[in-house]
Every structure is written in structure tokens, then in C-alpha cells.
Amino acid sequence: MPSKPNVIRVATSSLATLEATRPPFNIKTPDIDETIQSAISLVKSAAAAGADLVVLPETFAYAGLPIEAMIEDAVNPQGKGQAALRHICQLAAQYKVNIIDALMRGGHRLPFSGGMGALIMQLGALLPAAAAGPLLSDLQDPRAKQFRNSALFVDRQGRIIARYHKRYPVESELAAGILPGDRCVVVESDIGRVGLAICFDLNWPKVFEEMKEKGVDLCVWISAYDGGFPLQTSRWSRMLVVDVCLETETFHTDGQASKIQEIQECYGGKVNVESFSEEHLFVVEVVDRGVKMDDIISRFHLVTYTNYIKRCSKAVEDILALEGSKKALESKL
């Protein structure tokens, strides 16, 4: 795997309508075919804009539909959600772009005696051979009659190289039979280590802490419905394209604030430095591939925010332990 770039271009959109089941009602009735075509159009536009990664929203093909309608399509091996996945794999290969695809995938037991070829035909598969593997392994899960809310990482060759199952479905999903995922997923890709999370997962810090422990470069959190509406309403084009710096570090200003200007003077346009006065933090982004964050930290004797918090915590623990020892000794005197 080649070294990760300092900066990548990411494109996304909400693709959402409002739910038909409760106010405020849709401007138009949700339609899976139209939503899938919107996603295909997004991928093409994003590729033309030079995107390295296109992120589709949670269960995007089913935007605005009640969960019963989602499940009805998800259990169908030739359902529109599966057809959308085939399109996405083909587009990723055609335009040489990474894509985070998101869909609900339903379980139903299929006869496997016909061998791999027969099973792929039953899935209505025009999938690339490498893309079929993750789907098949899920269908063979002994719990296959339950469903999963999933995010799939499709690489530039159209291969599904990783899959993530939402670890914390909401109550309505659980009641409908959605099976929670049970592991952190960090994908090794040509744009670095990418961590995946879905919607309600946001409420559990450990989801992101585990990503950090695995050395994640970019956390991709996809959401549907209210999570995506601000993006939809603020973008006339329904597409957002941003450059994301992966060579980034956060520092506390204690004892380091004066170094902000020194860094800027030394590196100029090769780095971006942004300070957050209320939080007493500053962030350094390295945009020039010739500059390494470790060199900046060493040159200016910087302490990262994470290490500073660990150092302060250790100091407090040591002082409290010492005070505890003194009180214990005094009680014996």
C-alpha cells in the first residue's frame, strides 16, 4: 500500500427526502429508483471534481421510506438496494474513486449446494468477483434471518475491501430485527486508515476511541434523516466537496501558545495553523508532502494534546497517591 497523501478530496450529499410517515411530509414521495439515480449522479459529479472518496448516506437508497419497506427490499436477493451496490462497484472501478456505500442488508437462508456460481446467480449478481465475498459471508451467518445496517468500503478497483455493521441501532431498528455489529472497523486504503461509524453510534465515545487505538487517519460517520438534513438544506447543488488534511495534530496552548507564530514563520504555506481561543487549543495541518508532523513536533518541542492530558492525569494521580500515603502514615502515628 503506497504512503497516504497529506490531503484528500472528499465528496458527500444527504440525498434525503423527509419521511413520508410523519410531518413535515415529503415534497415528493420517496422513490428508490430516483434516489439511486441521484447517488449515481453524485458519484459521477464527485469524480469529475477530483474526489478521492465519495461518501453516501446511511441506507441512502431507502431515504424517506418506513423501515418495513426497507426490509421488504433488503430481503430480496434481487432487490433495488443490492442492484444499487452493483452500480456503485462498477462506478468505483470506472471512475477510479473510493466509495463508502451504505445499505440495509437482509438475511434469508439460501441453498448453498449449487456452489458459488449458483449462489451468485441467486443474488442477481453482476458483482465483481472480489466484491461478492463480503456479501456471501454475511448470508452464511447462522443469524442470517436478522438484518444489518451496513457501510461498505469500495476501492478504486470496484472491490468491497471492508464492511462495517452499525454497532448501536436505535430501538425501532432493533425491534425490526436489525442485528448490531460487534467490532471496530478501520480500513487500510490508498488514502490512509479509514474508520467507519453509522448514525446512532455517535453517542458512544468508545466507537471512536477504538478507531484511534487502531491508528485511524480519517473517521467517516454516515447518517440518515435529521443527521443529513442540514447538509441538504445548505447546498443548492446537493453535493459538498472538501479537501481534508490527514496529517493533522492538536495541541494545548499551555506553555506552547508562543510557538504558533514560530511555526507559521518557519513553514509558511506548507502548513495551516488554526487556534481555538475558548478551548485553548490549536491545530496544525501539514499540506506539503515534503513536511512531516513528527519533524514539527521535534523542532519546536511540542507536546500533543493527547500526551499533555495523559501527563497531567499522571501528575494528579501521583500527587493524590502521595497524599494518601501521608494520611495513612499519619493515622498510624
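**The sheet and its labels**

Reply: Six strands form an open sheet with mixed pairing, in the order 5-4-3-2-1-9. This is a predicted model, in which local features need pLDDT of at least 70 and side-chain atom pairs count only at pLDDT 80 or more, while totals for chains, interfaces and linings use all residues. Residues are numbered from 1 along each chain as its sequence is written, and side-chain values use heavy atoms, with hydrogens and water left out.

Me: Why do strand 5 and strand 9 stand at the edges?

Reply: Strand 5 (160-165) and strand 9 (240-245) each have a single partner strand, so one side of each has no neighbour in the sheet. Strands are DSSP runs of E with at least two residues, helices are runs of H or I with at least four, and both are numbered from the N terminus.

Me: What makes strand 1 and strand 9 a pair?

Reply: Two strands pair if DSSP finds at least two bridges between them. Strand 1 (residues 7-12) and strand 9 have 6 bridges, in the antiparallel sense, so they pair by that definition. In strand 9, V241 is the bridge partner of A11.

Me: Why is N98 called buried?

Reply: Buried means under 20% relative accessible area, exposed means over 50%, and partly exposed lies in between (1.4 Å probe, protein chains only). N98 has 1%, so N98 is buried. This residue is found in strand 3.

Me: How do you know that the side chain of N98 makes a polar contact with the side chain of D190?

Reply: A polar contact is a pair of N or O atoms within 3.5 Å; within protein, one must be able to donate a hydrogen and the other to accept it, and residues adjacent in sequence count only if both atoms are side-chain atoms. The distance between the side chains of N98 and D190 is 3.0 Å, and the pair counts as a polar contact. A polar atom of the N98 side chain also lies 3.1 Å from the backbone oxygen of D52.

Me: Is C219 buried or exposed, or in between?

Reply: C219 has a relative accessible area of 40%, so C219 is partly exposed. C245 is at 12% and therefore counts as buried.
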